[in-house]
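I opened the model to take notes on its strands, helices and chain contact. Entries follow in the order I looked things up.

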Amino acid sequence: MSRRLPRTEGPWAWLAAGSVALSLLLLGGLLLLLAVRGLGHFWPASVTLVELEDGRLLAGQAVRELPLKHRAGRERLYFTGNRDLDGHVWHWLPVDTIVASERPAELVVLERRRHGAFIGRLLAVGESDALLSAQSREAAWTGLEARLAELEALRDEHDRLRRDVLRPLIRRLDARPDDTAARQALAEANARVRELQQAMGGQAALLESVDGRRLVQPLDEVLRAWQPNAMSLGEKSGAWAQGVWRFLSEGPRDGNTAGGVWPAIFGTVLMVLLMSLLVTPFGVLAAVYLNEVAHQGRLTNLVRIAVRNLAGVPSIVYGVFGLGVFVYGIGGTLDDWFFSDALPSPTFGTGGLLWASLTLALLTLPVVIVATEEGLARIPVQQREGALALGATRLETLIRVVLPMAVPAMLTGVILAVARAAGEVAPLMLVGVAKLAPQIPVDGEFPFLHLDRKFMHLGYHIFDTAFHGNDVQAALPLVYATALLLVMVILVLNLTAIFLRHYFRSRHGVQPRP
Amino acid sequence: MRRKRPPMTLLSRFQPSAPGSIIDFDPTASCFEIEGVSLAYGGKPALRDITLRVPRHRVTAFIGPSGCGKSTLLRLLNRLHDLNEEVGHSGRILLEGEDIHAPEVAVDELRRRVGMVFQVPNPFPMSIYENVAFGLRLQGGLTRRRMDDIVEWALQSAALWDEVKDRLRASAWSLSGGQQQRLVIARSLAVRPEVLLLDEPASALDPISTLKIEELIRSLKSQLTLILVTHNMQQAARVSDYTAFLQDGQLVEYAPTDTLFTNPSLRSTENYITGRMA
């Protein structure tokens, strides 16, 4: 099957093939970098206990190694955690100052709500006001695991209560302060929340860093715990999968430098879907008008050129337009008319899901128009004449023959629109994206889809995590992971549209001959 | 406004005419009367002062070299040129004595009476059944049962029924080129036109499919009037009863096919049909 390249076009063919190969290589390299840097973060790396020349002891995860700048030798970066004890979490150590290193099985890593990770030894677990004395290592560890599981169940209930019961009740009371039934329910729910909070507090672990400093860690601030050096490959894989799952399913913590990105995934997908829903009818109608209805003259061509040029307008300009027209113009007017009792706090007069989707719909409108128009123009004239010759009017011809045949072209437009819109961040910063909006814009409360709410977006989340955290170094793996996720989300959205297009194309088997 | 057609029973319109050849057919037997028609594309003349009568229930062929205006004339008969703003024409075309360009004539109604089959088969991207039912659905008001009957009748008239009766729901694009062309003919027949215009219906097909289409054309003339545009003189000779020879937008000779092919009265006709000029 191997075909030799024709000799005459040899160099050109190789040049072209080389360009393709280079593009693929770059794309593959990009994905690989994101995957390794991003997903590697969730792997429970082994913890090394190192002893230095001067007798100091340190425990941490080796991250990378670089040659020393001023003398021969190399230095190694360790992630040592314990921000509350040391004030920082990174240590650069010259390799030749390390006199001994080992990986003791008893070292634990705790993921905490505050101060980040703890790396050291676990001495005991118990009631925090009871005197804590050292327990055996196994007893302390099994105790910790059991308590953490208990706590997680309590925390789940607590969060659910706050999200599904408390918040809706408060909203209802805001609207009608004299609702006594709601007030009653609120009091009951509050009591239960306090109960849960009490049950969650009160327990602590006695920890010791490798150089002997002790601290008492309240357990309700501990999210996960593992003993990386004692774990088998299978257990590590399990912990990795759990870490990835938490990243996908939980909300962010610590000013977006830790935790998950679920609200951002949801916000991105929802916004793109809304955008597609808004842009498709407008784009298709505009293309139909330009191609089928309008007199094909100089003016139509001028409009066509203008539409094509709109695709080149920088996205931030659309953001400014959205802010001025949608948010302040239309949103402000809506507030004046329908939500005046809530003023001066705006309802639609501030950035939100609807305005962001509309702005992006506007941004992608030219793409959909151009793609649909090209599809309409490609439909053979015989198809139209065939319908007309059967006594169909122009409208009937359009609806029954031309538009169904143009569906794949419309979907091509939507695919291009999604690809452009899902990665767009700049305009969103003006019209509705939020640094932190842990509540997704869909819930069980009427009207279920809250178009006025601000939302999180993966693209903005990347920007925020990378530049606005207090420890960019520690958040960097999350930036890679989020970037990988953004690529995946766009890929999935695009594949869905491509699958749909394939379905519509293949429904009638063979393509008509031109 | 679309005019409502009087209800009619299936096939009632298609009374076969009396057998026997008409050399100088009387005016009451003519379906189309074309009177002094000229046409120009954007100021460039394409047809000049054409006058001819098309006999009812016969096959009339328009032949002539490329660009002679035969397709243009054909498309004038169901007003497909209406779409093109650059086309201007003069003269009168009467269908059963009625001017087809009269303001009270609804163009969609006219096109239902005057069906058309194109050079390239153009089935719609739908199932075989839906293709045939397309024109019927536009009219509406048919029961499911009646629609099934008409679709079957149309496919049988187009000699396609036996080949597709087991896969009416399959895509029309899965048929071969010849089958597609017969499907398009069935689709036209389903709305029961009085005239069927055929614009080189077999030129994109293989010889066997061509043969089938020609048989079909001959069999259909008992039901309706057919006007055939063709490049292929053998085809015109095989299937048509009358032949019009056009050249440079002018009608050169119009006669019964036998006469035109065996004893043309003009030198230019003879040159063309004997292949000395193409």
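**Entry 1: strand β5 of chain A.** I started with burial. The number of buried residues among the 5 of β5(A) is 0, so the strand lies largely in the open. I kept in mind that this is a predicted model.

Next I looked up the pairing of β5(A). Strand β1 of chain A, residues 48-52, pairs with β5(A) in the antiparallel sense over 4 bridges. I also checked which residue faces A:Leu52, and found A:Ile98 of β5(A) opposite.

**Entry 2: the sheet around it.** I traced the strand order in chain A. The open sheet has 5 strands, ordered β4-β3-β2-β1-β5, with antiparallel pairing. Which strands stand at the edges? I found β4 (90-94) and β5 (98-102) of chain A there; each has a single partner strand, so one side of each is left without a neighbour in the sheet.

**Entry 3: a helix pair in chain A.** I turned to α11 (residues 394-422) and α14 (residues 472-506) of chain A. Their axes come within 9 Å and cross at roughly 175°. Angles over 145 degrees count as roughly antiparallel. The helices α11(A) and α14(A) are therefore roughly antiparallel to each other.

I listed the contact residues. From α11(A) they include A:Val407, A:Leu411, A:Ile415 and A:Val418. From α14(A) they include A:Ile490, A:Leu493, A:Ala497 and A:Phe504. A:Arg501 and A:Arg505 of α14(A) also take part. By class, I read 15 nonpolar, 2 polar and 2 charged residues for the contact of α11(A) with α14(A).

**Entry 4: an annotated stretch of chain A.** I checked the UniProt record. An unreviewed entry there annotates residues 144-199 of chain A as "coiled-coil region". I compared this with the model. The span of residues 144-199 of chain A is 93% helix and 0% strand. Its end C-alpha atoms lie 16 Å apart.

**Entry 5: chain B against chain A.** How many residues does each chain put into the contact? I read 22 residues from chain B and 20 residues from chain A. I then asked which elements of chain B give two or more residues to the side that touches chain A. They are α2 (107-113), β6 (114-117), α3 (128-139) and α6 (177-190) of chain B. On that side, α2(B) gives the most, with 4 residues. The side of chain B that touches chain A divides into 10 nonpolar, 7 polar and 5 charged residues.

Terms used. Residues numbered from 1 in each chain as written. Chains lettered and ligands numbered in written order. Predicted model: local features only at pLDDT ≥ 70, side-chain atom pairs only at ≥ 80, totals over all residues. Axes fitted to C-alpha atoms, helices over the stretch in contact; angles between N-to-C directions. Parallel < 35°, antiparallel > 145°, perpendicular 65-115°, else oblique. Contact = placed C-beta atoms within 7 Å. Nonpolar A, V, L, I, M, F, W, Y, C, P; charged D, E, K, R; others polar. Pairing = 2+ DSSP bridges. UniProt positions renumbered as here; feature names shortened; annotations may be inferred. Buried ≥ 20, exposed ≤ 12 C-beta atoms within 10 Å, placed from the backbone.
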